[in-house]
Amino acid sequence: MRGVIYARYSPGPHQTEQSIEGQVADCQQYAEEHGIDIIEIYADRHVSGKSVVGRDEFQRMLRDAENGRFDCLLVWEIDRFGRERQDIPTGKMTLKRAGVKPYIDLLQYQRKRTALACSSAVQMVELRGVEPLSESTLTGLSPGAVRFQHSLPAKTPDRLCSSV
């Protein structure tokens, strides 16, 4: 299935390119897990979602949908697609008429996955105890801190278990 990703972030002092990168990464992960071949990424930067006016990439995505370029659209969260109550259903209707399946609000999908991971962690603690879990957590913590350039030090097993 040919898919595309639409990402957007609003103007503001705390908005950065990392917002687009995070949205795209989550959508790409979803695509890989569901056999969707991403052929294009549309991204509006420093643009409000209050209107479709001025959202050039959003407009281009809708035109490409009408021209049959792709089969499905992945959007991280509904407010990335739009914030105006009339624009959202109009955009969805354009996609539907073009035969495009929208997968909007993948953030909810990610939250469900996180909830399952937390549930699994609780089950592991119940079955194996805290010490093996703290060692596993420490193993995964350091590479993540380096990759995201996190400023906090990785916790040692003693510090992880001190509050338990």
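The face of helix α2 turned away from its buried side carries D56 and E66, both exposed (over 50% relative accessible area, with buried meaning under 20% and partly exposed in between, for a 1.4 Å probe and protein chains only). In this predicted model, local features need pLDDT of at least 70 and side-chain atom pairs count only at pLDDT 80 or more, whereas totals for chains, interfaces and linings use all residues. Residues are numbered from 1 along each chain as its sequence is written, and side-chain values use heavy atoms, with hydrogens and water left out.

Helix α2 spans residues 56–66, and its buried residues are F58, M61, L62, D64 and A65; helices (H or I, at least four residues) and strands (E, at least two) are DSSP runs numbered from the N terminus. Seen down the axis of α2, these buried residues fall within an arc of 160°, so they line one face of the helix, the arc being that of the directions from the helix axis to the C-beta atoms. They pack against β1 (2–8), β2 (37–44), β3 (72–75), α3 (78–81) and α4 (87–97), where contact means heavy atoms within 4.5 Å. After α2 comes G68, which has a positive phi near 75°.

The four strands of an open sheet are arranged in the order β2-β1-β3-β4 with parallel pairing, two strands being paired if DSSP finds at least two bridges between them. The edge strands, each pairing on one side only, are β2 and β4 (101–104). Between β1 and β3 the parallel pairing extends over four bridges, and L74 in β3 is the bridge partner of I5.
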